[in-house]
There are 2 protein chains.
Amino acid sequence: MVVMTRWLDEDEQRTWRAFLTATRGLMDTLDRELQRDAGMPHAYYEILVRLSEAPERRLRMSDLADATGSSRSRLSHAIARLEAAGWVRREECPTDRRGQLALLTDEGFATLAAAAPGHVEGVRRHLFDALTPAQVDQLRRISETLVDHLRET
Amino acid sequence: MVVMTRWLDEDEQRTWRAFLTATRGLMDTLDRELQRDAGMPHAYYEILVRLSEAPERRLRMSDLADATGSSRSRLSHAIARLEAAGWVRREECPTDRRGQLALLTDEGFATLAAAAPGHVEGVRRHLFDALTPAQVDQLRRISETLVDHLRET
DNA sequence: GCGATTTAGTTGAGCGTTCAACTAGATGGC
DNA sequence: GCCATCTAGTTGAACGCTCAACTAAATCGC
């Protein structure tokens, strides 16, 4: 038998469109601000953040890819760019000869440190300032639920 | 005096990272599904949807750009692709000689009709199935708040 | 041990987006 | 009426991402 599509009802439709507009608007805005103020897209900023938090500021490519929710290909290209900018260096992995370590240079750290305050202000201004504490809590729960759910499906 | 950055507290940090992971994961997944099943990215799907809902299936380029939250340049490129695929046609605007109308062809409508059920199932499976009705309501309010807020800042 | 499979990472082509520069037509001030 | 300004839309280059194909090294099965 033909499986009928469960179309979205009016509430779901409205929710879905608002969600699309909000997330796209938010990410576009933050991306533009970061590009303007720090000369890098948000995805690259996130890579630098993850490296800055890692022990000795270095991570295996695969771990970095997982941490940033990126494909290996995407990360490979990104690290190539960041290396060309002087913000990241590659190193051989001592325990696995296939492996590569990405490490944050001092220059990369300085760039990140200079970019962070403005970016955090942006996240605050465009996201958290608009929401009540209860909504922040709701958004966290919803997001964590979705992350878990996406890993299963 | 130097303005101190209001850093994110632990809860906000956690919310922000979960939000990033969730929205990126969700959009990546839907994009990949739509590309695989319908041969188009989500942004193009949205353009076809908006056109299909418009009177006589046609819209001014600017209105379409606003409706899809897209820059004019992006829309211009996108319509060029969709036109090459035979899904959209351009027409002169009768009331403004600078203007262009984008109109959905029968072929475009058929492609959209074929893609829609699968895409809606995807949205349901990856988003709405994971959330309680209360969370859907929360997400709608949060999204609408953010959309309003972004227009102001 | 050794071949088959898996895992780590890279590469290049093609596509979509951005940004800045541009053309052309509409509109406002006087 | 006419010049300045604004609005509509396009263009091309640069960039980032995706996908598929690839190399090389580790691991599994026996």
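Which residues of α4(A) are buried? I will get to that after a word on what we are looking at. This is a predicted model, in which local features need pLDDT of at least 70 and side-chain atom pairs count only at pLDDT 80 or more, while totals for chains, interfaces and linings use all residues. Residues are numbered from 1 along each chain as its sequence is written, with chains lettered from A and ligands numbered from 1 in the order in which they are written.

Now the helix. The buried residues of α4(A) are Leu75(A), Ala78(A), Ile79(A) and Leu82(A). Buried means 20 or more other C-beta atoms within 10 Å of the residue's own, exposed means 12 or fewer, and partly exposed is in between, with C-beta atoms placed from the backbone. Seen down the axis of α4(A), the buried residues fall within an arc of 100°, so they line one face of the helix. That arc is taken from the directions from the helix axis to the C-beta atoms. On the other side of α4(A), Ser73(A), His77(A), Ala80(A) and Ala84(A) are exposed.

What do the buried residues of α4(A) pack against? They pack against α2 (42-53), α3 (61-67), β2 (88-92) and β3 (100-104) of chain A. Contact means that the C-beta atoms of two residues, placed from the backbone, lie within 7 Å. After α4(A) comes Gly86(A), with a positive phi near 85°.

Next, the sheet. In chain A, 3 strands form an open sheet in the order β1-β3-β2, with antiparallel pairing. Two strands pair if DSSP finds at least two bridges between them. β1 (58-60) and β2 of chain A are the edge strands, each pairing on one side only. Between β1(A) and β3(A) there are 3 bridges, in the antiparallel sense. Arg60(A) has Leu101(A), in β3(A), as its bridge partner. α2(A) packs on the sheet and touches β1, β2 and β3 of chain A; its direction makes about 95° with that of β3(A). For such angles, axes are lines fitted to C-alpha atoms, for helices over the stretch in contact, and the angles run from 0 to 180 degrees between N-to-C directions.

Last, the two chains. Their contact takes 44 residues from chain A and 44 residues from chain B. On the side of chain A that touches chain B, α1(A) gives the largest share, 14 residues.

Terms used: Helix = DSSP H or I, 4+ residues; strand = E, 2+ residues; numbered from the N terminus.
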